[in-house]
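Subject: Structure handover

Hello,

Please find the structure below. My notes on it follow.

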Amino acid sequence: MVALIAGPCPPPRMAQGLGLPYLAAALEEAGYEAAIFDTYPPRQDDRASDDPDMRLAEAVAASSPSLVGVTIHTPAYAERVHLAKCLRQRLPDALLVAGGHHPTAAPGDLLRRSEFDVCVIGEGERTLVEIAGGVASGRNRRDTDWLTAIRGIACRADGRVLRTPRRRPVANVDALPFPAHHLLGLERYGPHPALGVRSQGLLTYRGCPARCAFCCNPQGRRVRQRAPSRVGGEVERVVRDFGVRGFNVYDNLFGLDRAHAVAVCDEIRRRRLDVVWDCWTAGGLVDAELAARLRRAGCIRVGFGAESGDDEVLARSQRGFTTAQHQAGIRALVAAGLKVQVFLMVGLPGETRASVERTVDFAARCGADDVSLSLHRPWPGTAAWRNPRAFGLRITRGPDFEAYVETESLNRTALLELTEEAVETLTQRGLKCGTLRCDRFVWEGFPRQALGW
Ligand code: B12
Ligand code: SF4
């Protein structure tokens, strides 16, 4: 039995990332039993631990897994290290495997400082199945020789961290089974706030050829498309088997390959499924015609990664788009009747007071319905993290990957104040403007109990 743990959330759940459902499907296809744990068990009586991670570890241990996999995003680093400690207490012999963006970017640190036995680097389907095969044949966590023969991992060997040769991403993504939605307990899910109905993630391709300095580009640079008929088949199955009518398309840039995007829209429409969905794009990748197709296929909302209203900042961030391209894309989407939420950051390479003003102006003028304006948080695995000086940034790092940036002309306090002022200005101008604050739960000690976790 393999237990997989996603970044647990307080109930009700909303659209889940697709990593664990894809991993679980690959395990099941290979003949292994898998379970997904994505919510902290509530504290039902006085005997239950106060610590939500310990309650989760106890719930996982009740199914006696020999292998436990945990997804880690950087802002949750310290919490997942603590979770691993709880898991180790309850499951002294289970192999603890970490995967996802953080272990991919910084496996050595995680292995040195936590109870995890293995970090899986990059896409995990093939790698996890091989690890599960080893565990099923009686291999254990104390003898690491067998692990060193598996590509695409980091593990401890003779007291050192050892990285095995790289594993290439799955070339034919159509060969992967559909995500294991049946393991998610979809009846517990609440409606997605932007779609108004229960929703699930969906990918029409993996990869991103762009090189944005602030992004860890989780899927590698090579684009691997799914056949539109496979995408349509997955949508149809989720609607039919689980009564879910909403989809969050997690493609990095919808419209990157126009012909593929058109074929996906047409395929969804052809199946007459009465679904609503949203997706992410940037620049002028979606023009008027593609926007109209999106609308006809059930797309009602688009997240738009404009990032800055200043061309110099965009160029120094290697964003690959100009403000004029962003503006054209937003206009086309709005004209087609789609709701657009534009995402912007403060603190990118080359940021100055004047460039922040241009970002505020852009947000106010661009025609989007909603604006999300956040402070740039640097992630390991990004070009900016690896070589901040090349981007004119200074990055101060804390022990648990809490990090903040300073630009050539703006220090941390100034950037934070400018972000807050910008949100206030836009709100005063009548725009719906928010900021991504999820990371504060972790970094600023937000009392989790207050959320009922
Ligand atoms: C959907 C999504 C969410 C959802 C669901 C999150 C989730 N549980 O996955 C929500 C809205 C909750 C969310 C929240 C946040 N997210 Co988010 N999110 C995404 C998004 C758009 C898609 C994820 C996805 O499903 N990908 C498709 C699947 C197939 O790929 P995958 O998740 O990478 O999984 C594969 C591998 O990574 C690996 N793998 C993953 N987990 C594991 C576990 C094991 C055991 C193994 C072996 C392998 C493995 O195998 C998987 C299959 O190949 C990504 C961007 C992206 N394109 O991936 C950002 C992304 C993951 N998010 C990111 C961030 C920063 C956040 C937030 C911090 C945002 C914020 N400031 O609030 C929060 C943090 C949440 C938390 N506490 O952990 C960053 C992560 C950067 C980093 N270094 O950690 C990303 C990469 C966006 C970006 N480029 O900046 N997010
Ligand atoms: S921010 Fe988007 S476009 Fe840029 S590298 Fe990351 S996934 Fe690609």
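A residue is called buried if 20 or more other C-beta atoms lie within 10 Å of its own, exposed if 12 or fewer do, and partly exposed in between, with C-beta atoms placed from the backbone. By that rule, 45% of the 453 residues of the chain are buried. Please note that this is a predicted model, in which local features need pLDDT of at least 70 and side-chain atom pairs count only at pLDDT 80 or more, while totals for chains, interfaces and linings use all residues. Residues are numbered from 1 along each chain as its sequence is written, and chains are lettered from A and ligands numbered from 1 in the order in which they are written.

The whole chain

The chain has 15 helices and 18 strands; helices (H or I, at least four residues) and strands (E, at least two) are DSSP runs, numbered from the N terminus. Its radius of gyration, taken over C-alpha atoms, is 22 Å, close to the 22 Å from the globule rule (2.2 Å times the number of residues to the power 0.38), so the chain is as compact as a globular protein of 453 residues. The C-alpha atoms fill a box of roughly 60 × 55 × 50 Å along the principal axes.

The two domains

An automatic or database domain assignment divides the chain into domain 1 (2-163) and domain 2 (191-451). Their C-alpha centres lie 28 Å apart. Where they touch, 19 residues come from domain 1 and 21 residues from domain 2; two residues are in contact if their C-beta atoms, placed from the backbone, lie within 7 Å. On the domain 1 side, α3 (77-90) and α4 (101-105) each supply at least two residues, and α4 gives the largest share, four residues. That side has 11 nonpolar, seven polar and one charged residues. Here Ala, Val, Leu, Ile, Met, Phe, Trp, Tyr, Cys and Pro count as nonpolar, Asp, Glu, Lys and Arg as charged, and the others, Gly among them, as polar.

Helix α3

The 14 residues of α3 reach 20 Å from first C-alpha to last, close to the 20 Å expected at 1.5 Å times one less than the number of residues. Its buried residues are Tyr77, Arg80, Leu83, Ala84, Cys86 and Leu87. Their cover includes α2 (52-61), β3 (67-71), β4 (95-99) and α4.

Ligand 2

Around ligand 2 are Cys208, Ala210, Cys212, Cys215, Asn217, Asn252, Leu253 and Gly305, each with its C-beta atom, placed from the backbone, within 6 Å of the ligand. This shell has five nonpolar, three polar and no charged residues.

Regards
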